[in-house]
Amino acid sequence: MPNLKEIQEPVKNELQEFASYFKSAMADDKEVVNEMVEYISQMQGKQMRPLFLFLSAALHGKINEQSYVAATLIELIHTASLIHDDVVDEAYQRRNKWSVNALWRSKQAVLVGDYILARGIRLAVDNNQYEVIGIMAKVIEDMSKGELLQSDASRNLNIGEKEYFEIIRCKTATLLASCGVSGARSVNAPAERVEVIEKFGNLLGLAFQIKDDILDYTKTNIIGKPISNDIKEKKMTLPLIYALDSVGEAEKNTVLEMLHHVDTCPENVAKIRSFVIANKGIEKSQQKMEQIEQEALELLGNYPDSEYKTALMNFAAYVLERNK
């Protein structure tokens, strides 16, 4: 698997500068706000979105101030969405740390999420970056719609492959695609190149989410127990959808009934997981993910060879080969 540091190498200086740029964008003179945003800044993950944005910008031109503003806005919106997600899901951990709503009240978590979102928009306005605001408004619209679609699917348990891909396109792919678009536009890339990198980001986002769904069935916690959070939350993800598609109506209804009652019958979690494995739901999802990755890599074929193109190809491989 490609090493993340190797992927970051062509834009490592920009990523280092971005870290302080991002932190200062959230800062405020009120202690209660700074206490929360300081904690949030320490929870930042691998920052895959700024990495993709800078690689996209460098692939099409020279990284500039507009690139930094776009990267900061996108990461602020992503951060705000995670805080709000934890409140909605009543999740009390994020990246092995206490979530914001666990340490503060949910009301405060929602408000600081709103604050971070507003800071991002204000940053873009102050820098006359109205185009990226339009891009991100569509992203927020899609992400919200995706959450609503998934919530409805968890209640009705009636979605297939087509509906699943619409959900993950809205929830995950659209944000990653916006990174590619914003990076390219920040350096005035031609419209046809912007379209290509947007498609690349969309495909990569779909593959990223499928990988997450596979990991939920294959990864174990520190005591070796399968995570299976998606089953516990009654989420119809691709491994389960493919497994259900391979059996008759009677067996399908039996499994869906088990999923419907998983909160009152915890033993159903292991049964559903075994069903998915036995009916090759994970293998079929893996094949679909690899197909999507290949489609994404083919889009880079028209670009001349460069360290940025190589990094993006390795970025795609890293997304799919990661184990967490």
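**View A. Helices H12 and H14 are roughly perpendicular to each other.** The model shown is predicted. H12 covers residues 238-245, and H14 covers residues 268-278. Their axes come within 8 Å. They cross at roughly 65°. Angles of 65 to 115 degrees count as roughly perpendicular, so H12 and H14 fall under that description. The crossing is left-handed.

**View B. Side by side, the residues where H12 meets H14.** H12 brings Pro239, Leu240, Ala243 and Leu244 to the contact. From H14 come Ile272, Phe275 and Val276. What classes of residue make up this contact of H12 with H14? It has 7 nonpolar residues, with no polar and no charged ones.

**View C. The second largest pocket of the predicted model, with its lining residues.** Its volume is about 180 Å³. Which helix gives the most? H9 does, with 6 residues.

**View D. Residue classes in the lining of the second largest pocket.** The lining has 5 charged, 4 nonpolar and 3 polar residues. Among the lining residues, Lys138, Asp142, Arg169, Arg185 and Glu198 are the charged ones. Ile135, Val139, Ala177 and Val181 also line the pocket and count as nonpolar. Thr174, Ser178 and Asn202 complete the lining as its polar residues.

Notes
Residues numbered from 1 in each chain as written. Predicted model: local features only at pLDDT ≥ 70, side-chain atom pairs only at ≥ 80, totals over all residues. Heavy atoms only, no water. 1 Å grid on protein atoms, 1.4 Å probe; cavity = no way out; pocket = protein on both sides within 12 Å on 5 of 7 lines; lining within 4 Å. Points joined across faces, edges and corners; volume = space filled by probe spheres on them. Helix = DSSP H or I, 4+ residues; strand = E, 2+ residues; numbered from the N terminus. Axes fitted to C-alpha atoms, helices over the stretch in contact; angles between N-to-C directions. Parallel < 35°, antiparallel > 145°, perpendicular 65-115°, else oblique. Left-handed = near helix turned anticlockwise from the far one by under 90°. Contact = heavy atoms within 4.5 Å.
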